Amino acid sequence: MNNASLELNIVALAPAASMVIFALLVMAVDVFARGTRTQPVRAATPWVALLGVLVTAGVCVWLLGQPVTTFQGMAILDRYSLGIAFVVLVAAGLSILVSARYIPRVNAQVGEYYALILLISAGMMMMGAATDLIVVFLALETFSLGLYILAGLRRSDAMSSEAAMKYFLLGAFASGFFVYGAALVYGATGATQFEQIAAMATNPATDLTFIYPGIALLIVGFGFKVSLVPFHMWTPDVYQGAPTPVTAFMSAATKAAAFAAFYRVFLVALPSQQAVWGPALATLAVLTMTLGNLAALRQSSLKRLLAYSSISHAGYILVGLAAGSIAGVEASLFYLLSYAFMNIGAFAVVTLLEKQGEMDADGARLRGLGQRKPLLAAVMAIFMFSLAGVPPFAGFFAKFFVFAAAVQGGMSWLAAIAMLNSAIGAYYYLRVTVVMYFNAPDAETVSEVKSNWPLNVGIGVALAFTILLGVFPSLWTTLMESGVVTALALR
Amino acid sequence: MAQDYFPLLVFIVVSIVFAFIAIGLPSILGPRRKNQQKQEPYESGIIPFQDARRRFPIKYYLVAMLFILFDIEVIFLYPWAGALLPLRDGYGIWLALVPMGVFLFILIAGLVYEWSKGALEWE
Amino acid sequence: MPELPIPIPPLPTLHESVFMAIALLTVVGAFLVVAARNLFHNALGLALTFFGVAGVYFVAEAEFVGVAQVLVYVGAISTLITFAIMLTRGMMYGATSPLNRQAGTAAIIAATVFVVMAGLLGSLPWPVAEEPIVDGQIVIANLGVGFVTEFVVAFLLLAVLLLVALAGAIVLAQDRK
């Protein structure tokens with residue numbers, strides 16, 4: 001046992017560890033409040049959780065200046081993992097703001113809710129940091145398990161329970177696929193660490209028969225988590241049934257986490273097999289974009305609309321991976337960040353349109369919003385424009401970078417299909433705007449829109465960054481650029 | 001080695017055979033004179049008043065889930081105990097103690113949490 | 001001696017016959033899970049399967065995994081599943097048909113997967129361990145050393161996973177006051 005060879009750089013785990021510490025703190029506050037029956041203390045749980053998010057963000061900013069550190073070949077701290085951590089933090093922070101007044105209405109057990117959000121985020125950060133299939137699996141399970149529970153938070157509601165049930169059964173099945181794939185890759189290469197897998201996969205003495213079914217099963221496992229067609233069946237039902245802030249968190253953060261590991265596994269561990277997985281992923285990207293967009297055209301429920309839209313966005317992001325280049329990775333990171341801001345913003349507006357006791361809003365409720373609530377309608381319109389990819393909002397550059405990466409990677413045809421899809425997508429995003437401004441409000445839709453300040457802050461932040469990233473995308477890209485190169489040069 | 005488990009195998013086979021003998025032999029050899037009272041399940045002389053299979057309160061489920069979690073925790077303690085000996089020299093002992101300390105701290109924090117939440121109360 | 005059209009397979013060794021018995025037990029249990037009409041019997045079949053799988057681990061000299069399988073799956077998961085069935089009205093009694101509209105499709109898919117996997121697994125030259133594992137104690141001790149050194153990230157992440165499960169169990173199953 002040679003202890004000297006161990007590299008236990010705790011720093012590499014700092015972001016996730018910080019989130020876990022604050023999760024325990026939230027639990028402590030919750031318990032303390034129960035003991036003393038003081039409501040004000042109990043109401044502090046979201047703010048403790050938010051403090052955790054901000055402190056962790058501070059830690060991540062500090063870590064940006066640190067050199068790349070690895071932990072035993074199991075986890076790595078580089079710009080890429082920090083970038084994913086930032087996206088997860090954005091999603092967690094915004095969702096906490098949206099949840100602050102929403103969740104007590106849905107389920108009184110607030111303490112667990114915020115603790116779970118933080119623990120899930122920790123798991124998601126580990127997805128970005130993991131450089132070993134075992135760690136990827138545990139991180140995947142950590143955040144998935146939490147999300148199954150959050151989806152069913154409203155126990156008395158049949159749709160919420162159905163969402164949790166569907167998500168759990170299909171998710172557990174998908175985890176099974178992932179593990180089987182990981183096991184087959186391990187069987188072929190004898191390694192679970194990405195760099196060792198890469199080394200063995202290029203070694204001519206290795207029998208690679210098992211690696212191909214392994215790759216296929218890994219794609220299924222990841223494809224489920226990011227909801228690629230044909231593994232997307234769960235998405236609309238789960239997004240619709242889950243409490244809206246949870247859906248918002250799930251849509252942005254799960255994508256970031258699952259894509260993070262997806263990218264690292266394929267680009268660091270299996271780059272030698274790109275001839276196999278590249279075309280497969282390109283095909284999946286085409287299917288996902290097209291079917292997601294076509295299905296979204298027919299939705300009347302706002303949450304289902306956003307669910308199908310999220311499927312199509314997964315397709316756009318996958319274009320970046322199919323390109324298989326560093327530019328593709330950078331573009332996808334930018335996409336994930338922009339998507340977190342604009343999509344959570346859109347879901348936050350949806351929470352305002354929901355009626356008391358409901359957890360979804362029909363598209364018809366948008367009618368005449370432009371006259372009733374001009375400011376809210378304008379905000380929603382901006383999120384919709386951004387999702388559609390209209391300049392000068394974040395969504396435009398997100399799409400632009402990804403498509404440019406595809407063209408550079410010699411996949412102009414894929415970029416062309418993606419652009420065509422953006423045009424289809426623009427139709428239903430703009431239709432939302434049209435309904436808001438050009439349809440007269442009817443008696444049914446004049447509902448009370450009860451706002452609250454945490455939600456307004458959340459929407460404000462999402463809006464500010466949707467515009468800011470659209471005008472100055474270099475804010476983020478310069479931050480990440482050099483780092484992504486180091487991450488992939490490690491292989 | 002697998003051979004070490006040969007006694008276990010013999011044990012399993014003998015117990016299965018014995019079970020068959022104990023249940024099978026009386027039903028072949030014993031006299032059968034049925035009546036209403038003999039047909040009832042034996043409940044220490046108390047007359048059964050409802051089916052043994054009945055719906056359970058959800059509390060059992062919570063306890064069973066919590067049991068699984070701590071069961072898994074114990075599984076990990078077991079090989080760790082074996083690791084203490086090879087790691088006992090120098091700072092190796094800290095290498096053994098600190099990770100398990102953190103592991104246990106997280107789970108004990110969870111235990112304290114569920115306890116104070118009243119998840120262990122039966123009423 | 002005249003040549004036989006097919007070579008007579010050698011008699012299975014004790015090791016192999018034990019494996020076959022355990023494998024048969026596992027398959028019978030798995031069949032019960034899908035075929036028995038009473039949900040409660042399905043659960044018992046599942047327990048049998050878990051036990052068989054534990055036996056396979058023992059035959060493969062993975063004692064620790066075998067013990068873990070017995071403790072967690074046979075001991076706890078089966079109980080949990082039984083409780084879950086007993087919680088549910090109407091599931092305890094009466095026969096539910098294991099067949100539905102999709103049974104045919106499912107059978108075809110399952111058969112295809114089986115054929116593909118069996119073909120794949122059977123056609124590969126599997127590496128054979130050069131020497132048998134001598135001392136299970138050392139294997140388990142090495143595993144323990146692995147938890148705190150090489151795999152410490154996974155080990156700690158597991159604690160977080162269990163914490164998530166614990167909080168989730170309370171959210172899902174605690175009685176509302």
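The following legends describe several views of a predicted model.

Residues are numbered from 1 along each chain as its sequence is written, while chains are lettered from A and ligands numbered from 1 in the order in which they are written. In this predicted model, local features need pLDDT of at least 70 and side-chain atom pairs count only at pLDDT 80 or more, whereas totals for chains, interfaces and linings use all residues.

**View 1. Overall fold of chain A.** Chain A contains 21 helices and 2 strands (DSSP runs numbered from the N terminus: helices are H or I of at least four residues, strands are E of at least two). Its C-alpha trace extends about 75 × 60 × 40 Å along the principal axes. Of contacts in chain A with a separation of 6 or more, 80% join residues 24 or more positions apart (a contact requires C-beta atoms, placed from the backbone, within 7 Å).

**View 2. Helix 7 of chain A.** This helix covers residues 133-151, and its end C-alpha atoms lie 26 Å apart, in agreement with the 27 Å that its 19 residues should span (the expected span is 1.5 Å times one less than the number of residues). Over chain A as a whole, 60% of the 491 residues count as buried.

**View 3. Helix 8 of chain A and its end.** Helix 8 comprises 32 residues, 158-189, and reaches 46 Å from first to last C-alpha, close to the expected 46 Å. Gly190(A) follows helix 8 and has a positive phi, near 70 degrees.

**View 4. The side of chain B that touches chain C.** Here 43 residues of chain B are in contact with 46 residues of chain C. Helix 3 (58-84) and helix 4 (92-116) of chain B are the elements that give two or more residues to this side of chain B. The largest share, 21 residues, comes from helix 3 of chain B.

**View 5. Domains of chain B.** The domain assignment, automatic or from a database, gives domain 1 (2-39) and domain 2 (58-116) in chain B. Their centres, taken over C-alpha atoms, are separated by 40 Å.

Technical notes:
Buried ≥ 20, exposed ≤ 12 C-beta atoms within 10 Å, placed from the backbone. Contact = placed C-beta atoms within 7 Å.
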